[in-house]
Number of protein chains: 2
Amino acid sequence: MKFGGTSVADLDRIRNAAGRVQREVAAGHEVAVVVSAMSGVTNQLVEWCAALSPLHDAREYDAVVATGEQVTSGLMAIALQSLGVEARSWTGWQAGVQTDGAHGKARIASVDGGLLLAAMAAGQVPVVAGFQGLGPEQRITTLGRGGSDTSAVALAAALRADRCDIYTDVDGVYTTDPRITARARKLDKIAYEEMLELASVGAKVLQTRSVELAMKERVRVQVLSSFADVPGTLVVDEDEIVEQAMVSGIAYSRDEAKITLRHVPDRPGVAAAIFGPLSEAQVNVDMIVQNVSADGTTDMTFTVSRTDLPRVRAVLAEHREAIGSNTVLTDPDVAKISVVGVGMRSHAGVANIMFSTLAGKGINIQVISTSEIKVSVLIAAEYTELAVRALHTAYGLDAA
Amino acid sequence: MKFGGTSVADLDRIRNAAGRVQREVAAGHEVAVVVSAMSGVTNQLVEWCAALSPLHDAREYDAVVATGEQVTSGLMAIALQSLGVEARSWTGWQAGVQTDGAHGKARIASVDGGLLLAAMAAGQVPVVAGFQGLGPEQRITTLGRGGSDTSAVALAAALRADRCDIYTDVDGVYTTDPRITARARKLDKIAYEEMLELASVGAKVLQTRSVELAMKERVRVQVLSSFADVPGTLVVDEDEIVEQAMVSGIAYSRDEAKITLRHVPDRPGVAAAIFGPLSEAQVNVDMIVQNVSADGTTDMTFTVSRTDLPRVRAVLAEHREAIGSNTVLTDPDVAKISVVGVGMRSHAGVANIMFSTLAGKGINIQVISTSEIKVSVLIAAEYTELAVRALHTAYGLDAA
């Protein structure tokens, strides 16, 4: 059972979370708990580090920031004990969570679950501080923002848990954003790969790395609310999903910007001349489209995160000569709409439903990109809600 | 260099403390730093534990509370680095501070200074989180309130330091409380034993245990202000103090209450009948006076901490029969005045000066107690300032 920052934001919520653990224990389950920092605490600690030095030592940042989860783990253990549940807190280093040395964004290298399993066998609930581990030179590391999800999945794998329940402030994964259409339905189950694709297009329920790890280690993850008593959404292997819909969800992202380079010379190496420097500048390029060559030149269109747009302009200006294009068009008023579903593999015509549905609403598609289980299109941002609602209906996802 | 809570209360003060470390390093000294939690932080953490459960697990309390010093150590390392001083934070467990398992008030069992010495040899300033260590079962322990002083002295001993500088919000040890007389003088040096006696009678500059440890390990301790650039007071072996005054300081404590049991049967075992139950009730009895027996009964007078008075009354009432006295007189309006000095050993008449000085001011002495280097008297609380000032003058302590 993993509780995120909002689920342990104050003492009352810690008590509430402890009550949920107590119920699971009373039902005869063996439980291990992973906790985040109380919400707001991490921000305060990060602020202090940044105020002392904008370029602070990531190793010291980790020593400071990791205390947030340690505090919650101790408080949660006290709350559990006061409910009569035998419990003990564990820091990352105590719990055997080894990471690499990439301070501030470390990756878990191994988890030795031996001590925790022994504690559980003795009837004790371990409460593990998430988001942290032990790196080289006995130093404390943190996994980067949202890393507690990854801690929970890694521990679930090490303990060979039947399930990893991630308690959060939403009650599951929906077919689309319920703020856009009241017809959005909570999914009972979703496949790992679908969850990954949804996360990558803006549905931030779980940290991407935690889903990757769950998929690799075959950990069954449940996303559920710590504030409501309803079942959540199970993230599982697609084989576990008996009735596969063609499409499981519609996602959107407004954090997009489109760049078009006109009249780029159509010769080998031109793509490298454009995307090499962008990559070096840490710009993540998403969709890329190159039109058919007409007059020895071509148009190259690609999308980036909207916040990267100023950086992209600077990089392209700097490398204008090597690229050979004088005309750079940028459009920040675009949105990416994606339909996602492992069912696509066995259903033909999924993309076509998307194109005709959008055409029927008079929405122009600017860029198309596809993967095995996803079709994404770029459209004008103002059509976002209209497009999502129309596609939700077209793919038969609307709630009854 | 050890910095207390007020010396690292906020980022500006942490920067200020880092500046002091930088100056020592620039002067060619090898420095290790010990830090307390930012003032207020520990109280917040303690409050949270208490709010979740009044009888919380001391092991979890330690896991929660020890984070305060860990945060400061990381922030201090960042502040030092930003001043160009190579530095690294160390938690208690990283620094090799082993303690017993008395969670919440653990005692340091051993300090393995090897890793810190290696870091220092490589030109790095270790910044150690005070107040904490590693106990049995790899669990984090804390040393109890004020324990960072003890951490600093223990580390100074392990590192064979030339000196242990304790930075605090006062600039040294004074002949008496400067709030009572402007003639109080800062002492250049004071002997360990004098410091212990002063601490035990209310001059809370250093934690008692840290002074005991310094005396045992012969660590030269300097108490000085982190806010002023003046030398502090050296706490050293008495052999180091060349010109020993008869009396080094006058201390007082208003936290006293006097209890008199009238007409106690004067027979063997009566003292045990009184003080046994008080000891079991965790009441610390200080001065004890038994008058000469007159009619087969005697009067027994003793003092306790004023906050313990209700408990004392309850215990005495409960054991009235065994004690055999029906009359219990209590007086909470008393103060203890002490003159302290290792010079007493070689000077006769120290106590007499005290008695005649107080008599000269018309102050009645209610109880007297002496040790090798201390004479204490109990007087009515309203005379406290008058007595301290008169004695300060009488023993030649007044500033010129």
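Guide: A residue is called buried if 20 or more other C-beta atoms lie within 10 Å of its own. Keep that in mind for this predicted model.

Visitor: Which residues of helix α8 of chain A are buried?

Guide: Helix α8 (residues 208-217) of chain A has these: Arg209(A), Ser210(A), Val211(A), Leu213(A) and Ala214(A).

Visitor: What follows α8(A)?

Guide: Arg218(A) does, and its phi is positive, near 55 degrees.

Visitor: What makes β14 and β17 of chain A stand at the edges?

Guide: Start with the open sheet. Six strands of chain A lie in the order β14-β15-β13-β16-β18-β17, with antiparallel pairing. β14 (285-290) and β17 (367-371) of chain A each have a single partner strand, so one side of each is left without a neighbour in the sheet. From one strand to the next, the twist averages 30 degrees.

Visitor: How do you know that β14(A) and strand β15 of chain A pair?

Guide: Pairing needs at least two bridges. β14(A) and β15 (residues 297-305) of chain A have four, in the antiparallel sense. Therefore they count as paired. Ile288(A) stands opposite Phe302(A) in β15(A).

Visitor: Which helix touches β13, β14 and β15 of chain A?

Guide: Helix α9 (residues 270-280) of chain A packs on the sheet there, and its direction makes about 125 degrees with that of β13(A). Helix α10 (residues 309-318) of chain A lies across β13, β15 and β16 (327-340) of chain A. α10(A) runs at about 135 degrees to β16(A).

Visitor: Now chain B. How do the axes of helix α2 and helix α3 of chain B cross?

Guide: At roughly 145 degrees, and the axes come within 9 Å. The crossing of α2(B) past α3(B) is right-handed.

Visitor: Which residues in α2(B) and α3(B) meet?

Guide: From α2(B) come Thr42(B), Leu45(B), Val46(B), Trp48(B) and Cys49(B). From α3(B) come Tyr61(B), Val64(B) and Val65(B). This contact has seven nonpolar residues, one polar and no charged. Cys49(B) and Tyr61(B) are among the residues that meet, and both count as nonpolar because Cys and Tyr are in that class.

Visitor: How many residues of chain A are in contact with chain B?

Guide: 26 residues of chain A touch 26 residues of chain B. On the chain A side, α2 (41-52), α3 (58-65) and α4 (67-82) each give two or more residues. α4(A) gives the largest share, 11 residues. By class, that side has 13 nonpolar, 11 polar and two charged residues.

Technical notes. Residues numbered from 1 in each chain as written. Chains lettered and ligands numbered in written order. Predicted model: local features only at pLDDT ≥ 70, side-chain atom pairs only at ≥ 80, totals over all residues. Axes fitted to C-alpha atoms, helices over the stretch in contact; angles between N-to-C directions. Left-handed = near helix turned anticlockwise from the far one by under 90°. Contact = placed C-beta atoms within 7 Å. Buried ≥ 20, exposed ≤ 12 C-beta atoms within 10 Å, placed from the backbone.
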